[in-house]
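Work through the exercises below with the sequence and the predicted model open side by side. Each task is followed by a solution that goes step by step.

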Amino acid sequence: MKGIYSMTMTIYNMPCAFIVPIAISVIPAITSQLTLKNHQTVKETEESAARIVGLISLPCAVGLSILARPVMALLGGYTGEKLELATRLMRLLGVCVFLYGNIQYTNALLQAHGLAHVPVIHMLLCGSVKLGVVYLLTGNPGLGIVGAPVGSVLGYFAIASLNMIAIAR
């Protein structure tokens, strides 16, 4: 099971590798425009970055979730029960791709606006909740290793929600 989970995590990390550079590159652009008090350009830059992150993360999330079975059969070489488990894991991790993109984008916005401590607090709080959820769910014989991506979905959703609330303020 650990090998199947590791393989699904490797595939999950592929689209995430494209999201981080975009989110990071937006920080200096927004910060410089904030310094110049050019709020219209700040808004345009933030919206443009959101569209680009969404254009990468949403299709990847949908694709990995919908095509989880053929992707895991092709890249993992799994069949039978192993393929079923890999498919369940990949479908959940597919959702995490979109949430991860949202987290990276909102972290960058908060940092650019001088609130770098806020996402750190959100990640610490929600990370501890995720650990608790993963501990409880993976200990359940009916779920087992599937509890790990369920915990990731819940943890990422909580972080993204708290970040969005912080941005709205």
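**Exercise 1.** Determine which residues of H5 are buried, and where they sit around the helix axis.

*Solution.* Begin with the cut-off, since a residue is called buried when its relative accessible area is under 20%. In H5 this applies to Val118, Pro119, His122, Cys126, Val133 and Val134. Next, consider the directions in which these residues point: they cover an arc of only 105 degrees around the axis, and therefore lie on the same side of H5. Finally, ask what lies over the buried residues of H5: the cover includes H4 and helix H6, the latter spanning residues 147-168.

**Exercise 2.** Compare the length of helix H5 from its first C-alpha to its last with the expected value.

*Solution.* Helix H5 runs over residues 117-138 and thus has 22 residues. At 1.5 Å a residue, 32 Å is expected. The model gives 31 Å between the first and the last C-alpha of H5, which is close to that expectation.

**Exercise 3.** Find how many salt bridges the structure holds, and describe the setting of the partners.

*Solution.* The structure holds one salt bridge, in which the side chains of Glu84 and Arg69 meet with an N to O distance of 2.4 Å. Placing the partners on the chain, Glu84 belongs to helix H4 (residues 80-112) and Arg69 to helix H3, so the pair, 15 residues apart, links distant parts of the chain.

**Exercise 4.** Identify the residues that form a nonpolar patch on the surface, and say which helix contributes the largest share.

*Solution.* The patch consists of Leu58, Val62, Ile66, Leu67 and Phe98, which together have about 450 Å² of accessible area. Helix H2 (residues 39-66) supplies the largest share, with three residues. Leu67, by contrast, is placed in the loop between H2 and helix H3 (68-76), and its relative accessibility of 46% makes Leu67 partly exposed.

Methods: Residues numbered from 1 in each chain as written. Predicted model: local features only at pLDDT ≥ 70, side-chain atom pairs only at ≥ 80, totals over all residues. Heavy atoms only, no water. Patch = residues over 30% accessible without salt bridge, like charges linked within 9 Å, V, L, I, M, F, W, Y side chains within 5 Å. Areas by Shrake-Rupley, 256 points an atom, 1.4 Å probe, with all protein chains shown as cover. Salt bridge = Lys/Arg side-chain N within 4 Å of Asp/Glu carboxyl O. Helix = DSSP H or I, 4+ residues; strand = E, 2+ residues; numbered from the N terminus. Buried < 20%, exposed > 50% of the residue type's maximum accessible area, 1.4 Å probe, protein only. Expected span 1.5 Å × (residues − 1). Arc of directions from axis to C-beta. Contact = heavy atoms within 4.5 Å.
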